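Colleague: I have not seen this one before. Can you walk me through it?
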Amino acid sequence: MKAGIVGANGYGGAELIRFLNQHPYADIELLISHSTSGKKISEQYPHLRGLAEWDIEDLHQEGITDRVEVLFFATPAGVTKEVLPSFLEKGIKCIDLSGDFRLKDSESYRKWYGKTPAKEEHLKSAVYGLPELNRDSIKTAELIANPGCYPTAAILGMKPAIQASIVEAKTIIIDAKSGISGAGRSPSMGNLFSEVNENIQAYKLCRHQHIPEIEQAFHELSGKDVAIMFTPHLIPMTRGIMCTMYADLTREMTAAEIHELYKETYKDELFIRVRPLGEIPATKEVYGSNYCDIGLSVDQRTNKLIIISVIDNLVKGAAGQAIQNMNLLGGWNEQTGIHHTPVYP
Ligand SMILES: NC(=O)C1=CN([C@@H]2O[C@H](COP(=O)(O)OP(=O)(O)OC[C@H]3O[C@@H](n4cnc5c(N)ncnc54)[C@H](OP(=O)(O)O)[C@@H]3O)[C@@H](O)[C@H]2O)C=CC1
Ligand SMILES: CC(=O)N[C@@H](CCC(=O)OP(=O)(O)O)C(=O)O
């Protein structure tokens, strides 16, 4: 499959290059960037020297659409919805890493992103690209809205419990932490080493753009309108997301019973590792891989379920998941090109 990346010089783009470059059924045909066209990708990312020597090209040129079958958009929300439709209309499969096509309700997008939403027809046809939720629809999608990094960890962590109605969905609290690469490569004061190092900072309290995305998925899983509490924190590491989630149990259950439910729900999922009872997953244990690792416990005193869900934000939270979606489009094994052992230590 001939593949291209718009926004190739960002972190999401670089991670897509890492996976596409070693994918047996996909070839990189086109790398596009806004500010670095005319340069080589290896100038932007010297770790790619000798491995990826493609020139970065400009979006606005003749004949682009004839060169690719699938196009990844690793561009910011608000930008993708402007540039993607012309490719979609030419029959190119589009996989968007931004939040532009994830929310079905355009007013919700307007409220949480503070931007004009994409066209209704595109919001309607877009398939939310979380394979563990929507595998069959992804296989035939024209436009895939790759999930956000926090929602990936949160939804995968809570899915078995919500689906089986063992928790009161409205009591779910998500305490989330992310490494700084989640903010992308564009420099800003908040990303400076001196601001991030030896520091933990909560941000976007009650107004993070991933709140409606998580609620949308929880609604699909439970059939109920769900309002969640979600608080993200920036922590001094490069990659990784941990969601620590709490919810009231609807009845008394042991951790062993819930663990069985989780194992059963995910028994055929290649990228979900439900850890043995008593083992608590850490971000380093999924670093550089497409795994989502889940651990759980029950606090008998408060009758609450505690779930710990970890991913690498750039892999299962972005580029790895996008490749998993491309594999579904291609009818290939989902692990193709992304079956890596986590980098440890
Ligand atoms: N980082 C992460 O962990 C995750 C990121 N995402 C999403 O993936 C997308 C890419 O993120 P990430 O790679 O981290 O971000 P970066 O900031 O690292 O890269 C953004 C890319 O978008 C391009 N871009 C920015 N503004 C414009 C514009 N006005 N027109 C055209 N291109 C533009 C940039 O190109 P140039 O420099 O040439 O302007 C750059 O290539 C975003 O939507 C992000 O929200 C989703 C999940 C996780
Ligand atoms: C650490 C950090 O800043 N993370 C980003 C999440 C990045 C992401 O998933 O992006 P989407 O906007 O495409 O969903 C944030 O909190 O906004």
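This is a predicted model: local features need pLDDT of at least 70, side-chain atom pairs count only at pLDDT 80 or more; totals for chains, interfaces and linings use all residues.

Modeller: Residues are numbered from 1 along each chain as its sequence is written, while chains are lettered from A and ligands numbered from 1 in the order in which they are written.

Colleague: Fine. How many residues surround ligand 1, and which are the closest?

Modeller: Ligand 1 is surrounded by 28 residues, and the closest are G10, G12, H34, S98 and G184. A residue is taken as near a molecule if its C-beta atom, placed from the backbone, lies within 6 Å of it.

Colleague: Which elements give two or more residues to that shell around ligand 1?

Modeller: Helix 1 and helix 12 do. The largest share, 3 residues, comes from helix 1. Helices here are DSSP runs of H or I with at least four residues, strands are runs of E with at least two, and both are numbered from the N terminus.

Colleague: And by class, what does the shell around ligand 1 have?

Modeller: It has 9 nonpolar, 18 polar and 1 charged residues. Ala, Val, Leu, Ile, Met, Phe, Trp, Tyr, Cys and Pro count as nonpolar, Asp, Glu, Lys and Arg as charged, and the others, Gly among them, as polar.

Colleague: Now ligand 2. Which residues are around it?

Modeller: The residues around ligand 2 are A77, S98, G99, G148, C149, S178, G182, A183, Q209, H210, P232 and L234. That shell divides into 5 nonpolar, 7 polar and no charged residues.

Colleague: What about helix 8 and helix 10?

Modeller: Helix 8 and helix 10 (residues 210-222) pack at an angle of about 25 degrees, and their axes are 10 Å apart. The two are therefore roughly parallel to each other.

Colleague: Is the crossing of helix 8 and helix 10 left-handed or right-handed?

Modeller: That crossing is right-handed. Helix 1 passes helix 12 in a right-handed crossing too. A crossing is right-handed if the near helix is turned clockwise from the far one by less than a right angle, and left-handed if anticlockwise.

Colleague: Let's do single residues. Where is S165?

Modeller: S165 is in the loop between helix 8 (149-163) and strand 7 (173-178). Its phi is near 55 degrees, a positive value in a residue other than glycine. S165 counts as partly exposed because it has 14 C-beta neighbours inside 10 Å. The cut-offs, with C-beta atoms placed from the backbone, are 20 or more other C-beta atoms within 10 Å for buried, 12 or fewer for exposed, and in between for partly exposed.

Colleague: Is E198 buried or exposed?

Modeller: E198 is exposed, with 7 other C-beta atoms within 10 Å. E198 lies in the loop between helix 9 (193-196) and strand 8 (201-202), and its phi is near 55 degrees.

Colleague: And L156, buried or exposed?

Modeller: L156, in helix 8, is buried, with 26 other C-beta atoms within 10 Å. The C-alpha atoms of L156 and D293 are separated by 9.3 Å, although 137 residues lie apart along the chain.

How values were computed. Axes are lines fitted to C-alpha atoms, for helices over the stretch in contact, and angles run from 0 to 180 degrees between N-to-C directions. Angles under 35 degrees count as roughly parallel, over 145 as roughly antiparallel, 65 to 115 as roughly perpendicular and the rest as oblique.
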